[in-house]
Amino acid sequence: MSATDTTPNTLPKAKKAGMPLLHKAIFLGLFAFLAALPFFVYPVFAMKVMCFALFACALNLLLGFGGLLSFGHAAYFGMASYVAAHAAKVWGLSLELSILAGTAVAAVLGLAIGYLAIRRQGIYFAMVTLAFAQMVYFFALQAGFTGGEDGIQSVPRNELLGMVPMRDNRWLYWVVMGVTFGGILFLYRIVHSPFGQVLKAIRENEPRAISLGYHVNRYKLMVFVLSATFAGLAGATKSQVFQLASLTDVHWSMSGEVVLMTLLGGMGTVFGPIVGAAIVVTMQNYLAYLGAWVTVIQGIIFVLGVLLFREGIIGVLSKWLKKPL
């Protein structure tokens, strides 16, 4: 009997009824909230939250649904940021082409690193991803086009489609909102597709998935590349928002930060990483006057979060509601 024949009796089926009503309401509420947000807060801050929310959702696809912990996602986020900034400043590409160039490089980098990393499991996988990320960091430090320790500064915001000016933060906000919201919806569709169901099966019981005939490493590589691609999309967009690409984007601490966002919001939930990213970025923004103490406060909140919300904030809420979020 083939793997296809046994799937209906062994793996959970992807729901064919479409998006649940609760999830539709959440997405509509999120859309309305984001549409109103730039009228109440500084648009650049709101765009930063959205970029990191997409970044955290990208990692959650790999960690929460694929069961693979990566300590090197800053490599894709940061390298896409560099390439997008270089494409806009030196090549003079339009806004959307600059972002696509950075995203494409992140996808290729994810394919190369993922092909080697998925051969290891557990902590060895995490350490391999960290090692490759450090290699990317030192490449960014030494490469000529990255600007070394100075990074790529004063990145111009070129026109969208070569026609629409993006110098005004409010105009750029709608582009970033579209990229973020569209990216999260796409990730949602991946998770609730047959591909996503197989990922969950591999996460829960890899030997059983292998015995059913699934090429586990192929699925792992696919989810790794998808995660790296969306992380790159977030990084490329962020470079256009801040008009800057720096070593901070590719540093190992950035990888740790996005893991913190994912765990704090709720690993393995759709909306958890969004909440985690919003909390962490808001703390960094409004507690910046405390200097290095921000890191200490983040650590305290993370410890409290682990003790009080072991499944993350949205994970606990999902448990209380008895509905997946």
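Trainee: How do the residues of the lining of the largest cavity divide into nonpolar, polar and charged?

Mentor: The model is predicted, so local features need pLDDT of at least 70 and side-chain atom pairs count only at pLDDT 80 or more, while totals for chains, interfaces and linings use all residues. Residues are numbered from 1 along each chain as its sequence is written, and side-chain values use heavy atoms, with hydrogens and water left out.

The lining of the largest cavity has eight nonpolar residues, one polar and no charged, where Ala, Val, Leu, Ile, Met, Phe, Trp, Tyr, Cys and Pro count as nonpolar, Asp, Glu, Lys and Arg as charged, and the others, Gly among them, as polar. A cavity here is a set of points on a 1 Å grid over the protein atoms alone where a 1.4 Å probe fits but cannot get out, and lining residues have an atom within 4 Å of a point. Grid points are joined across faces, edges and corners, and a volume is the space filled by probe spheres set on the points. Searching the whole structure gives one cavity of 30 Å³ or more, and the largest cavity holds about 80 Å³ of space. Its lining consists of Cys57, Asn60, Leu61, Phe65, Ile184, Leu187, Tyr188, Val191 and Val270, with H3 and H7 being the elements that give two or more residues to it. Helices are DSSP runs of H or I with at least four residues, numbered from the N terminus.

Eight of the 11 residues of H8 (residues 194–204) are buried (under 20% relative accessible area, with a 1.4 Å probe and protein chains only), so H8 is largely enclosed by the rest of the structure.

Beyond its neighbours within four places in sequence, Ser70 is in contact (heavy atoms within 4.5 Å) with Leu59, Leu62, Phe125, Thr129 and Val259. The side chains of Ser70 and His73 are joined by a polar contact of 3.1 Å, meaning a pair of N or O atoms within 3.5 Å, one able to donate a hydrogen and the other to accept it, with residues adjacent in sequence counting only if both atoms are side-chain atoms.

As for confidence, the chain averages a pLDDT (the predictor's confidence in each residue, from 0 to 100) of 86, and 95% of the residues score at least 70.

Conventions: Buried means under 20% relative accessible area, exposed over 50%, partly exposed in between (1.4 Å probe, protein chains only). On a 1 Å grid over the protein atoms alone, a cavity is a set of points where a 1.4 Å probe fits but cannot get out, and a pocket is an open set with protein on both sides within 12 Å along at least five of seven lines; lining residues have an atom within 4 Å of a point.
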